[in-house]
Amino acid sequence: MLKYQQIAAAIEQYINDQDLKQGDKLPVLEQLMSQYGVSKSTVTKALELLERRGVIFQLRGSGIFVRRHNRPGYMSLFSTQGFKSNLGDRVLTSDVLDVSITKPSEDVARNLGIDVSNDVYRVERVRYVDGEVFCYEESYYVKAIVPYLNREIVADSIFDYVQSALGITIGFSDMYMQVGRLNETEAGYLGLKMDDPTLRIETIFHLTNGKPFDYSRITYHYEHSQFVVQANGPYM
């Protein structure tokens, strides 16, 4: 990953850690250069990336400001920081179905860029927001990068754990979305009927050096999940 992408990830993490709100002002360009020890061009590119992703907005002569969606109940679809940082005052809980060390399937290994002989943590859980079923999740973590997980960690926020306890910086993600219908297993976990509609998202999360460490498949409850995509400028 390029340096400006690392700085963009660090700034976004700072915004989430400080729980900054819409319109909160960030340090000026010179302060960011000093804070991260990088050149003006690197910080400028990082800010341009964050602006394209809807994380900040810049006003010439006024400064750099946090950009947040203000419609309650909606989650940013393109965040790399996990559910918990997206939900504000809403309460996220998990029913942990499985935490185990296993060998990846060929599909999982391909998405993680590893060999099928490598160990991964398999995590399976149902997630709730304010007591309502939100999604069913199946995730795989490269054990060489995330060496330890247990039910207590998985029941809370895995992303908080890997960033704070393991010192891992999450760089970027690739998302693949598909609208379809629930199979019998998914419907059972979500409390819906087979063939009810759903949104499925497969996400590969990368470190700042570009190496994949987490491959997740999430199936959303169509009545309880709402998303926002923040864009810059008009669509053509």
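Start with Gln58: its bridge partner in strand S2 is Ile64. Strands S1 and S2 pair in the antiparallel sense over 4 bridges; two strands count as paired if DSSP finds at least two bridges between them. The element names come from DSSP runs, numbered from the N terminus: helices are H or I runs of at least four residues, and strands are E runs of at least two. The hairpin of S1 and S2 has 3 residues between the strands, and Gly61 there takes a positive phi near 85°.

Before going on, a word on the model: it is predicted, so local features need pLDDT of at least 70 and side-chain atom pairs count only at pLDDT 80 or more, while totals for chains, interfaces and linings use all residues. Residues are numbered from 1 along each chain as its sequence is written, and side-chain values use heavy atoms, with hydrogens and water left out.

## A pocket by the hairpin

Gln58 and Gly61 turn up again in the second largest pocket. This pocket is lined by 13 residues, and Gln58, Leu59, Arg60, Gly61 and Ile64 are the ones nearest its centre. Helix H3 (40-52), strand S1 (56-59) and strand S2 (63-66) each give two or more residues to the lining, with the largest share, 4 residues, coming from H3.

What does "pocket" mean here? On a 1 Å grid over the protein atoms alone, a pocket is an open set of points with protein on both sides within 12 Å along at least five of seven lines, whereas a cavity is a set of points where a 1.4 Å probe fits but cannot get out; lining residues have an atom within 4 Å of a point. The second largest pocket holds about 330 Å³ of space, where a volume is the space filled by probe spheres set on the points, and grid points are joined across faces, edges and corners. By class, its lining has 5 nonpolar, 5 polar and 3 charged residues. Nonpolar covers Ala, Val, Leu, Ile, Met, Phe, Trp, Tyr, Cys and Pro, charged covers Asp, Glu, Lys and Arg, and the others, Gly among them, are polar.

## Two domains

How is the chain divided? The domain assignment gives domain 1 (3-66) and domain 2 (75-228), with bounds that come from an automatic or database assignment. The C-alpha centres of domain 1 and domain 2 lie 27 Å apart.

## The six-stranded sheet

Now look for the open sheet, where 6 strands follow the order S4-S5-S6-S9-S8-S7 with antiparallel pairing. Strand S4 (92-102) and strand S7 (170-181) are the edge strands, each pairing on one side only. On average, neighbouring strands of this sheet are turned by 15° against each other, direction ignored; the axes are lines fitted to C-alpha atoms, for helices over the stretch in contact, and angles run from 0 to 180 degrees between N-to-C directions.

Follow strand S5 (residues 120-129), which pairs with S4 over 10 antiparallel bridges. Tyr121 in S5 is the bridge partner of Ile101, and Arg122 in S5 stands opposite Ser100. S5 and S6 also run antiparallel, joined by 10 bridges; here Glu124 has Glu138 in S6 as its bridge partner. Of the 10 residues in S5, 9 are buried, where buried means under 20% relative accessible area, exposed over 50% and partly exposed in between (1.4 Å probe, protein chains only).

Most residues other than glycine have a negative phi. Asp130, not a glycine, has a positive phi of about 55°. Asp130 sits in the turn of the S5–S6 hairpin, which has 2 residues between its strands. With a relative accessible area of 45%, Asp130 counts as partly exposed.

Asp195 also has a positive phi, near 80°. Its place is the loop between helix H7 (184-190) and strand S8 (197-207), and Asp195 is partly exposed because its relative accessible area is 45%.
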